[in-house]
Amino acid sequence: MILEKYSFGMGDRFAQQGRAQLRALIKAADDGVEIIPVWNKSHREHTTIGTEPASVRQEADNAADELGWGKSYYVDADHIGLDNVDLFIESSDFFTLDVADFIGKSCGWDLLSEFTNKYEDYLGELKIDGIDEIFEVTQPMLEAIGAKFLLAIMEAGKIYSRIAGVKGRGNFITEVSMDETDMPQSPVEMFFILAMIADERIPAQTIAPKFTGRFNKGVDYVGDIDKFTTEFEQDLAVISLAVKKFDLPSNLKLSIHSGSDKFSIYPAINKAIRKFNAGLHVKTAGTTWLEEIIGLAAAGGDGLEMAKGIYAKAIAKKDELCVPYASVIDIDDDNLPAVDEVNGWSSQQFVNALRHEQSCAGYNPDFRQLLHVAYKIAAKLGSDYIDMLGKYEDVVAQNVTENIYDRHLKPIFID
Ligand SMILES: [Zn+2]
């Protein structure tokens, strides 16, 4: 199973928008750009909503079938580890092995010296095509990299073997993710991480490093765009070299866990993948759910009432909703509108506050972030929520499709 050059990961918390999401990729295909859909849903989302991984597979199959999508599509077990991978093995064919928790933990001296001995030929100057800087690899540096990452990659090897034991090697896509950690990996670290991945015989087709800056859920990038651009281009250059040096799949590409809506870095990403003729996987968060709320608010009447009711409950349960996402949201409480104020809003006011249009005066990123993590409230509404989505299907679907196509696919892959 070989992942195509461009792929786009999208989440759909309530599994109702698979077709609307896929329509965005069909529009991209009409523009002549093939982008392959990947439906991702993490264990955390499944637990919060009370869904099973099989529901994502069903949604993807149905959407592809109903819209006559003749190309590949994948179902991503997002950020899984040894303790929950079993739940996903049957229904997924794309696995994001999250080993960030093992970074910095010791693998023991024997394995470490085995690693440094194996790569001692790289001591000295390391030139990487596409990077002007020449790196100096020293023995202490190699030891530090081994000490920091070896155990994590061995853990990825264990998860990979567990999946391969059931599905067979080569019958699924593997991603190794180390984005949920504190420090970006340097080019030299990335190079040897990829060596370790090859040594573990993990045929990784995507790797998700940590980049500089904040990737908060559903809002724009916060950080140094020039620094991000340098890191992103360096990672592309390192991957290109590592694929030549180590036993890795030739289509290995970067995966960027965007948390959605990183509009200010999309132009740099677009430029870099062209410059390096590189593939890319962009994983977004479950912001499709916000398009559902936007659609309900835009519909007015009971749709708008439900959207307002969800916000009121979100304010009441704010702390509980935010805890699981503490490291990926930054909400300024002082900027959250009072429930009474929101209850007086028109459809347009609600939509303006929530929709991610930075040029719109009413846009409120704090309101948006709180609602992003408030999907548990909608989950508790159960069939009332799902029925409301059905009632206003057209306006909801239109928002879902336009959001993915206009705000993400076009600036990253098409323009
Ligand atoms: Zn991630």
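Trainee: What makes the span of helix 10 close to the expected one?

Mentor: In this predicted model, helix 10 runs over residues 301-316, which is 16 residues, and reaches 23 Å from its first C-alpha to its last. At 1.5 Å a residue, 22 Å is expected, and the span is close to that.

Trainee: Which residues of helix 10 are buried, and why are they said to line one face?

Mentor: The buried residues are Gly303, Leu304, Met306, Ala307, Ile310, Tyr311 and Ala314. Viewed down the axis of helix 10, they fall within an arc of 160°, so they line one face of the helix. Gly301 and Ala316, on the other side of helix 10, are exposed.

Trainee: How do you know that the buried residues of helix 8 sit on the same side?

Mentor: Helix 8 covers residues 266-275, and its buried residues are Tyr266, Ile269, Ala272 and Ile273. Their arc around the axis is only 125°, which puts them on the same side of helix 8. The face turned away from that buried side carries the exposed residues Arg274 and Lys275.

Trainee: What covers the buried residues of helix 8?

Mentor: The cover includes helix 7 (225-245), strand 10 (280-283) and helix 17 (393-414). After helix 8 comes Asn277, with a positive phi near 45°.

Trainee: Why is Ser260 called buried?

Mentor: The cut-off for a buried residue is 20 or more other C-beta atoms within 10 Å. Ser260 has 28, so it is buried. Ser260 is placed in the loop between strand 9 (253-257) and helix 8, and has a positive phi of about 75° although it is not a glycine.

Trainee: Why does Ala15 count as partly exposed?

Mentor: A residue is exposed at 12 or fewer neighbours and buried at 20 or more. Ala15 has 18 C-beta neighbours inside 10 Å, so it counts as partly exposed. The loop between strand 1 (6-10) and helix 1 holds Ala15. Its phi is near 55°, a positive value in a residue other than glycine.

Trainee: What makes Gly344 exposed?

Mentor: The limit for an exposed residue is 12 or fewer. Gly344 has 11 other C-beta atoms within 10 Å, so it is exposed. Gly344 is found in the loop between helix 12 (339-343) and helix 13 (347-354). Its C-alpha atom is separated by 57 Å from that of Gly168, 176 residues apart along the chain.

Trainee: What are the domains, and how many residues are in contact between them?

Mentor: The domain assignment gives domain 1 (6-102 + 152-286) and domain 2 (288-405). There, 27 residues of domain 1 are in contact with 24 residues of domain 2. Helix 1 (18-30) and helix 2 (43-49) each supply at least two residues of the side of domain 1 that touches domain 2. Helix 1 gives the most to that side, with six residues. By class, that side of domain 1 has eight nonpolar, ten polar and nine charged residues. The centres of the two domains, taken over C-alpha atoms, are separated by 26 Å.

Trainee: Which residues does Ala297 touch?

Mentor: Leaving out residues up to four places away in sequence, Ala297 touches Gly303, Leu304, Ala307, Ser347, Phe350, Val351 and Leu354. Among them, Gly303, Leu304 and Ala307 are buried residues of helix 10.

Methods
Residues are numbered from 1 along each chain as its sequence is written. This is a predicted model: local features need pLDDT of at least 70, side-chain atom pairs count only at pLDDT 80 or more; totals for chains, interfaces and linings use all residues. Helices (H or I, at least four residues) and strands (E, at least two) are DSSP runs, numbered from the N terminus. The expected span of a helix is 1.5 Å times one less than its number of residues. The arc is that of the directions from the helix axis to the C-beta atoms. Domain bounds come from an automatic or database domain assignment. Two residues are in contact if their C-beta atoms, placed from the backbone, lie within 7 Å. Ala, Val, Leu, Ile, Met, Phe, Trp, Tyr, Cys and Pro count as nonpolar, Asp, Glu, Lys and Arg as charged, and the others, Gly among them, as polar.
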